[in-house]
Every structure is written in structure tokens, then in C-alpha cells.
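Please read the following briefing alongside the sequence and the coordinates. It is arranged by topic, so that each group of points can be followed in the viewer.

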Number of protein chains: 2
Amino acid sequence: VTSRTMAAAAPASPWPMISIAEANRISLHYTGPLKLEQRKITDLLNCVLAEDVIAPEDVPSIPTSIMDGYAVLSSDGAGEFEVVGSSRAGGAGGAGTAVSPGTVCYITTGAPLPAGADAVVMVEETMPGASAGRVKISKAAKPRQNVREVGSDMAAGERVLAAGERVGAAEIGLLATVGVAAANVFSRPKVAIMSTGDELADVTAPSPLTPGVIRDSNRNMLIAACQNLGAEVIDMGIVNDNSAALEEALDKVIAGGADMLITSGGVSMGDRDLVKPLLEKRGKIHFGRVLMKPGKPLTFATIDVKDKASPLLVFGLPGNPVSALVTFHLVVEPCLRKMMGIEDPALRRVRVKTTQTITLDPQRPEYYRVSLQWDDGQGCLVAISTGGQRSSRLLSMRSANALLELPQASGELPAGSVVSALLIGDLSFADRLASKLTIAVPPRPRPPLLAPPFTYTGKASKPMIGVLTVSDRASRGEYEDISGPLIVEVMKEYLATDCEFICRMVPDEVDLIANALQEFALAGCALVCSTGGTGPALRDVTPEAMMKVCDKVYDGFGELMRRRSLEEGVPTAILSRQLAASLGNTLILNLPGKPNAIRTCLDAVFPAIPYCIDLLGGPYLQGSDRVKVFRPQGK
Amino acid sequence: VTSRTMAAAAPASPWPMISIAEANRISLHYTGPLKLEQRKITDLLNCVLAEDVIAPEDVPSIPTSIMDGYAVLSSDGAGEFEVVGSSRAGGAGGAGTAVSPGTVCYITTGAPLPAGADAVVMVEETMPGASAGRVKISKAAKPRQNVREVGSDMAAGERVLAAGERVGAAEIGLLATVGVAAANVFSRPKVAIMSTGDELADVTAPSPLTPGVIRDSNRNMLIAACQNLGAEVIDMGIVNDNSAALEEALDKVIAGGADMLITSGGVSMGDRDLVKPLLEKRGKIHFGRVLMKPGKPLTFATIDVKDKASPLLVFGLPGNPVSALVTFHLVVEPCLRKMMGIEDPALRRVRVKTTQTITLDPQRPEYYRVSLQWDDGQGCLVAISTGGQRSSRLLSMRSANALLELPQASGELPAGSVVSALLIGDLSFADRLASKLTIAVPPRPRPPLLAPPFTYTGKASKPMIGVLTVSDRASRGEYEDISGPLIVEVMKEYLATDCEFICRMVPDEVDLIANALQEFALAGCALVCSTGGTGPALRDVTPEAMMKVCDKVYDGFGELMRRRSLEEGVPTAILSRQLAASLGNTLILNLPGKPNAIRTCLDAVFPAIPYCIDLLGGPYLQGSDRVKVFRPQGK
């Protein structure tokens, strides 16, 4: 050990520590989409289109049938008809046949609609006729029924695919449909990959290895990672920790016309870490340390190449296999995506739930390897740890399809935390992602009602008020409804504004009450007063129906009505479950059934009702001189 | 048209309609994993291993260093030491050097730990010594510090990869690590693909096409789909609707040694649909109709082949391109996956939210094409429709990466419904999946809420009180927030205990309010007072946000605040939906917005607040002499 060696091992790294976001920004800045090339349709899978694809003609170009069946004149209706010919897909036979009133033409799916016909009856809706050459049509056809109109699948001039789109099977089908047998795409990047390190042996080195020697796992791994993205790989083998050998290899890479060089090893602070010095000598290092775990020594440089418009991009990945693959995904992959023409080259991010306690690192943000799975109980993606996360433990990358983005922080992240995860694998092959089939409509807002805007439509010229009597017996006609008419009478007395009253009666059934309330709301009622069904009896379900359909509950109404009734000497008022709630713009209010009680309760709450309707976006109602309506000053 | 033709076009299909689940069951029943083959490590990507891979030796095989630095005796502690040698990765130099008390050895990452040493000090924790060949260790090392123990990354005999695992880049790295230069995997399926139909023209056919002729989109599309899964494809071209030509093509497929034949077209009820008759003649049709939309005529048959253990699998896909690709994914792909050795060959399923109204089909379960994207606001995957879903409109497959599994039902599925989706594309290339970085510890149960690491100022010695102003306009800066500061002023006046106040403002959005409340709770606030958003107006959603995140609701607060306001002569107090609730140890309380009203309401409920916080496990708050705080005797 000489003093020179010791000096080289001095602690301070000359490279400033930058954030991963900055590393992405810098490396993407020096990366551009590659030149275009034309590829045949059989060789386009997973390429990125460099130009829009426009439909040259309408699809279909003539009206065709959507079904196997009979082309008919819809005005002929049902009945038995003569079959005057047939029209088949591909135009075989019958395309010239014309259908005249009283006749039909056999037709197959995709076949041209014969002249004269304006609809197709599917074969399932026909029966053989009384004699050969005749058919019975059981159901009259509507005009244009089962007819695929000209240009309805694809219109001439329509942009079928856009530049920047990645080509999958469906896109290849679309290219074929419009007759594009070859398309311009971005070239596949040529990536040279080498491993560096005296300690490395080839994968074929027999066990047991010489102590201190390890097999080179990075090169084959990074080759596969690049190939998976569609890159073309130049395998540069293993290069020893020797400046001359490294420089010779670099010259070969440049001579081979590579767009990118990926090395692994030789970038940390050891005195034999020779990659950075070489890159400094031959090009420009843009960063040499990144604040991340794993992957801190990640290095990025560009080397200008004679007669080449864009420089050679060089990524010096750390030698630890986990660090190498994680930094590949986080920093190299976005650059490869950008070279291949993908518009937003960033890794895709989802939010997932953790399933175990994770200790955070206070020194560096960590990219924690997980396998994402679907959890039916929780209804979300959950992250299953791949185990010990040390950067030398490559098993931590086994089956990993995502990297959790853990913050630089002290303490522990409890199980069940929601964190961002960057996708590094195809979830359509994830373990146990399959799960039970699910359908759940949103609990609220409710489908039919929701149709916004819920603004008061005022179809009637007057504001509308619904009155709903909820009673099994009254709705069966076993006694006359007194409460409903009384509510109308009292409301008319209290309101100066002339309103239209709509009265309905339903039995004590949750769904019928709920429906009625929804219908009142849809009709544009500003206010609905219901009576009945708010007590403890088993059949009393008016509040339950309201809770099913309403958005907001105003407890204050029930509280005040009960309090006022108690003050009037009715101790059983505490049994009342009266409430007010709103459904869109409509205020719904339960009132008692008894005449006296109606006045007592309305007297209590009426002053607040017009302003409530204002706030809900309903009509402006004025109180009569019998009541005091309250609106805040200036409203 | 002869009567024979008419009879052939009779409506009743001879094939029973089976469910898609049954179609999967039957086709998978006749499908088995293919024979094994050995592939080199450079040719294993996306293959499935047919055997376990066992580590032949420990990794590392000797104790090595995790860091660049100095190998030391931990018992020596800090101080200045003589550097007696160096140990480098790959065993170059110094592996024979022994460290004795008072000396250290320079060491690089991955290098063997010299005899005598029991720990490594990272170079960042050292400084050059007073003279050459000496180094200062600033911090005493713990025994085994930075030492990678024998077998700690991979133990001899450990199963590193299991049969049935799909090989990605990391798995290739693992194979290289353990010296597996070639592995046994399941063979890639040989799939013959043909299109049938007189109406088909090659992709190169010039525009305009003869009326009734269409370009063959299915073949190139299905070839790409098979290749994407790793299958080997035999392109059989286009075959006309002619029994002899079809049979000749079938013979070629069999002679070519294909494992599977995929046809498209010729399987519906048209009288020129000749695929089924041929399959019946040459093999056995297991199903000929499936209750699904699109794809009803999907047909599956097996044909025994002389001298071949397993039969030729034949899938007759419908001719419409969408039907062809959808049935490929739903039924053919699982069989290909099974042939390739994937243990659970089913498509992976996730749950997603719809973003628009979808009309359901009462006749058939529908597989609705969507592009899945991540929605940050909702925190879930959302399904963006690919547009009109007619089976002839191939544009409905463009960019589709999932199929919604819609039930056979009448009516409409509203936007916001949660439905199952089968993944048919790689989400790591999905549109706009990227989104903001998120960390949220679980809302319930919330152990972490009350403990670090997410305390931002939780270390503050004072109790914390959050004040949340909920207002669209104030948060847009359209008017100044008066209520928030006023709440702080009043609380300071009422509390003798010195508290820290954290004020925030959010618009009237459920998720933003809910997030803010959670963050206050996470920060360790004992009390959160919110103002705004408790009325009937459509934008008023503060109580809804509270209900989303809180554990317990205390109705008494709202009742009392309304009563006191009524007593002050404000009849519209009954419109207020103010409430109090707790989230973990945090009490959350709605207060009115108006200055006078704040005092009125706080005067009413304040006496109970400190004791409520006691019961919730929060800090002990003392009231000032301006208010009377109530605690039961002895508390």
C-alpha cells in the first residue's frame, strides 16, 4: 500500500449527490428519439409509430349486414315472403339482386345490403316458409335495423392511429384494415452492455468458485432487460479492472455504432473503480452519485462521436446486481423508452397498500422491491415484499413487478400504508392477481337521479310541492287520507308564493316510498312533505326510504320538531324519527299525521324552509303573513 | 336460391350455448403443458422454468465487505491505525493479509474480509492518518458491521427459482449467479394461423377496394398477439370459403407439426360457414357457441394426430376483428399460457371504476374494451371506454388494455361503478398511469397516526390544534379567510394551555377535506376545528368528508350548537349539519363561519372538549378563566 493508494481512497466523493428526479431530468435531456425506419407489418409489434395513420376509405364502404338473415324492406312488416336471391360476404352472388316490396333476400354477416332493402332480420327471427324459396319473418324490422352504415366503423380521413402510439396486436389489425403494409417507426436502440470487475467469472464457471470470485450475473440480466424493451443488444462481455482494457472496449462500442453503453461495476469509491476516470477522459460525466437506495454510485455520461449527430449515452451502473437492475429501471429504461419514441417515457405509477411494516431509511429514499397482487377484501393492489432488501441479494428482485417509492425518513411505515409504486413488470402475469368478479354501482349519488344538472326545471310555471302520504291502509282505500290534504291546506296558508301541489299516496314499502321521492325530485319539486311511517312500528320505514335516496340529512329539523312536541306535552315525541333531507335540489321533510301536530311542527321549522330551498338552488318562496320566514340579511 | 340452401339457413343452431367459464374449463381440459426443451441463458427471456433451480454454494462463499473502507478489529475502537495491506474484489492482492490488533486493512466492496478482521468501517468514516500508510477511524465499529456473511444472500441448497416461474431479467441474473448457463423450460407453442373468407383481400390490396371486399386484418393481428405471448407462428394465409381448400390447409397444418390452429371467420350461421363442418368431419367439436358479447360463434375442437401424444387444438374464432381478438384473449390465451407452463393460466383480474354510463346487454355478458388509467383523485384504476363497442369496429380495441366483465342484465351501469376488469395489456405502458407520489398511512385502524414517522411537528412540546377553513372561494383567494384566524383567536382566549395552531385552507372537495383531516390527525393534533361546508348547498360536503375518515360521531355537539343558535334567534340553525367526530386520538369539530356564531357555538360545547380529548388519549388542556371546563370529579 502506497500513500498514493491511500490518497485515492480518501473519503470525499468529488461527485455531488443529486436526486433521482434530477438524474431523470438530466439523462432524458441528453436523450432524443432515434431516427425513423420503415418496418413491415409483420415486424411492427411493440414498435412506436412515427406518423399518424389515416383511413383511406370508409369502412364499410357500402351498407352491409351485421347479422346472418334476410335483407328486407322494413315497410313490409312481418309475414311470409318470397326469397329472391342471396347476398354473401365477399360479394359472391346476389349483390346485384334487388329487393322489391313483398320479397326478401338471404344475406350473410358482412355481405352488401341488396338494392331496395333497408333492414336485415336475423335468421333467429325467421322460419322456413310454407314452400321452398319462401321464409316467414316473425317480427317486423325497423328501418336500418342490423345494417352497418357506410363509414360507421371507420370514416375515410379519420385518424386511425397516432404518431407516438405503441403497436400491439389490435393496432396491427388496424394497420392491416387500412392497407398499411409497412409503417415508419422509431428505430430500436442499439445498446452495448459490459460488466467490469476482476472478481467476475463467466456464468459457465464451475462450482465451487475460487473464494472472492463471483459469476457475472449483471450482463445477462441487463441484456434481457434491454431486449424486453425491444432494444438491440451488443454483448461486450466482461472487462477487467484495467484502464487500457476498458478504453479498448469503449472504442469497440463506438466503432460498433451503439446508441448507448451500459456498464456495471467500477463506479463506487474503491481505488480500482476506473469507469468514471475513463468517462471523464473521453466524454462528460453529468452525474456521478444519486441519492437513492440502492444505486448511489449511478453515473451518467455522454461521449461525442465523430460523424454522429447524437452522442453515445453511457450509464455506469453499480456492480451489485440489485443496484444495477433497479437503476436500470429507474433511470436507463425511461431513456430507452424516449429513444423508442414513447411520448411520456416515465415509469408508470400506481398506489398500493403495504402488507407489512417497513423500516424507512433516514439517509436515502429507497426503492423497495415488491410483487403487486390484487386483494379482494381490500379492493386494491397490495405490495408483497420480496424479502431482505440488501443490494447484493438479487433474490429481492425475483418476481418483483414494482418498486415502492419510500421516502427518506426515520421510523417505520406500518402495514396497510398507501404508497406509490413504479411498475417494472407486466401485471398481466402477476401472481394471484385473479380474483372474484365484482360489480358494484356507486352507493351515492344514485344512478337515475344523478343525471345532472339537478337544477329546478320549473316545467310548471309555478314552484311545485310534492305531498306524499305513506300509509298501507289509506293506500288500500280502507280509510280516507286526511293528512295529505291538510298539509296542502297548511302550506297554502303559510306560503304567499302560489305553488302547485302534487299529491300521491303509497303503502309502507321502502322501495315504493323511495321511488315516489325520486320521482318528485325528478319532476322538479322544490319541497316534498311526507306524512306517516316515521314511528317505531315494524311497517314504519319512511326514514329508511329517505336514507336510500337522499344526499344530505338535516338533523336539526327532527330535533326541533321533537322538542316542540315535547313542550306541547307529548312525551312520545321522542319516538318520532322524523327527519329532513335533500335529494339533489329537493328538500324532503317528514311531517306528523295528526292535524294539530302538523301545525306544531311546521310552525317550528317552516321559517328555515324557504332559505334552505334557496341554498339548494330551488325557487324563491315567500312566506305569508301568518308565518315569519327567515333569510340572512341581504339574501 | 334452392330449398336446400334455405334449409341450411334454418334458424336453430345445433350448438348449445355455453358460458364463457364453461368454455375456459373445456378448452383448458384438453390443453396440457408442452414438452420440455433446454435453452441457453441468452434465450430464456419470458420462458417458464420446468424445474427448480437450487443454489449450489453459499453466496457469498466467504465473508466479504459491503462497503469500500477498512477491515478492522471492532475491539480496537476509534483512533489512528497502521494500514497493513489491501483486500480487493476478485481476490486481487491482500486476501492473505491478516489484521492484528492495532492494524487495519484497506478493503473494497465485495472483497474478502482479511483474517483477524471482524468488521468494516466505510471509507466515508475515515480520514488519512498523520503519515502515509496510516488512517484515522472516526467511529468505533460494531462487530460484523458491513460484513456480508457467508450464505447471507443465498444459501447453498436454497431453492432460488421454482418450476413454473416465468423468466424475466432478474431471474436470468439469478440463473447466472448460480451458474445455470442453460435451463429446462416448456417449449413455445407452434401456432398455425389462417383467415377464411371469400371477401378477404391481402393487406397490400390497393384502395379503393372492390365493394364488399375487406382487407384481412385478423391474421396479422392474431400473429402479433401470439408472438407477444412467446408462441412460434406458422402463417397459413387466407383460405377461401371452399371445403376442399380448407381441408387442404388443415392437412398442411397437421403436417407442419402445429400444436394449435387458430382460424377466423366461417363459424357463424351463414350457409358458407364451412369451418365447423370440417372440424366435425376431422375431429371433435367441444363447443360451437358461447354466451358472450362479442364472440358468440366461438368454436373449439380437437383433432387427433397420428403419432402425436396430444391432439391438435383448433380454435375457430369469429370473423369480426373485435370478436376474434376478444375471444383470443379470453379463451385462446389461457390455453397458450397453460401450454407454456404457466401454473395459473387465467387472465389476471383487477377492480376498476367506470367513468361513464354503460348500457348493459340483457342477452349476453359483455366484454367491454377499455384503457385503464390511474386516477389520483379517486386513488384507483379507472376505465376509459375505447368508444363504440360494435364488434366490427376494431377501433374499439385500440389501446385497450383491459376488458370489463359486464353482467348480462338490463338497464344502465352508472359512471363510478366498480367492475371487474381482465388485463389484456401491459399496464407499465398504459396511458397516463403515472401520477403524483403518494404516501398515506392506513386510515383505520390507525396505529401510526399517533406515532411517528409522519409527525411533522409532533415533536413540538405544545399540544397542537388544527384549524381548517373549507371554502372554494377563500382557497382560490377570492376573499380573505376571516373564520380561520378568528377560531385561533377565540381558542387562545378560551385555553389556558399554550397550544400550537396549524391553519390550512381547502376547497369544498370531499377528498381534499378528508385528506386534510387525516393529515392533521397524523401530525398529532389533539383537536381540529373546521369552518364551512356544513349547509345544504350542493358544494357543502364537510360532513361527508368527516364521515369518510372518522371513527366515532358525537351527535350531541351538533344538537347543542343548533339549539343554542335557535335560542339566539336564528331559525335557519336547523339547516346546519355541524357535527363532531373523532379520528384516532383527534377530536374534529365543525364550527360556523360567522364570528358571532363561532362564539355562540363554542360557548355551548367548549366545556366538554378538554375532557373529550382526555378520553381520546390526547394532551391535558386547561381552560382559561373565560370559560368553564368540565371534568368529572377526580379527573
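Predicted model: local features only at pLDDT ≥ 70, side-chain atom pairs only at ≥ 80, totals over all residues.

**Briefing on selected features**

A:Thr469 is placed in strand S29 of chain A, which spans residues 464-470.

**A:Thr469 and its surroundings**

- With a relative accessibility of 4%, A:Thr469 counts as buried, because buried means under 20% relative accessible area.
- Leaving aside residues up to four places away in sequence, A:Thr469 touches A:Asp481, A:Gly484, A:Arg504, A:Met505, A:Val506 and A:Thr531.

**Domains of chain A**

- Chain A is divided into domain 1 (14-33 + 188-337), domain 2 (36-58 + 153-186), domain 3 (64-148), domain 4 (349-440) and domain 5 (464-615).
- Taken over C-alpha atoms, the centres of domain 1 and domain 2 of chain A are separated by 34 Å.

**A six-strand sheet in chain B**

- In chain B, six strands form an open sheet with mixed pairing, in the order S30-S29-S31-S34-S33-S32.
- The edges are taken by strand S30 (500-506) and strand S32 (552-554) of chain B, each of which has a single partner strand, so that one side of each is left without a neighbour in the sheet.
- On average, and with direction ignored, neighbouring strands of this sheet are turned by 20 degrees against each other.
- S32(B) pairs with strand S33 (residues 580-583) of chain B in the antiparallel sense over three bridges, and B:Tyr554 stands opposite B:Ala580 in S33(B).
- Helix H9 (residues 483-494) of chain B packs on the sheet, where it touches strand S29 (464-470), S30, strand S31 (527-531) and strand S34 (586-591) of chain B, and the direction of H9 makes about 140 degrees with that of S31(B).

**B:Gly197 in its loop**

- B:Gly197 lies in the loop of chain B between strand S13 (190-196) and strand S14 (200-201), and this glycine is buried, with a relative accessible area of 1%.
- Not counting residues up to four places away in sequence, B:Gly197 touches B:Ile238, B:Val239, B:Asn240 and B:Asp241.
- B:Gly197 and B:Asp216 are 19 residues apart in sequence, and from C-alpha to C-alpha they are 9.1 Å apart in space.

**Cysteines**

- Over all chains, the structure holds zero disulfides.
- A:Cys47 is in no disulfide, and the nearest cysteine sulfur, that of A:Cys226, is 16 Å away.
- A:Cys47 counts as buried at 7% relative accessibility, and B:Cys105 is buried with a relative accessible area of 0%.

Definitions and conventions: Residues numbered from 1 in each chain as written. Chains lettered and ligands numbered in written order. Heavy atoms only, no water. Helix = DSSP H or I, 4+ residues; strand = E, 2+ residues; numbered from the N terminus. Buried < 20%, exposed > 50% of the residue type's maximum accessible area, 1.4 Å probe, protein only. Contact = heavy atoms within 4.5 Å. Domains from an automatic or database assignment. Pairing = 2+ DSSP bridges. Axes fitted to C-alpha atoms, helices over the stretch in contact; angles between N-to-C directions. Disulfide = S-S within 2.5 Å.
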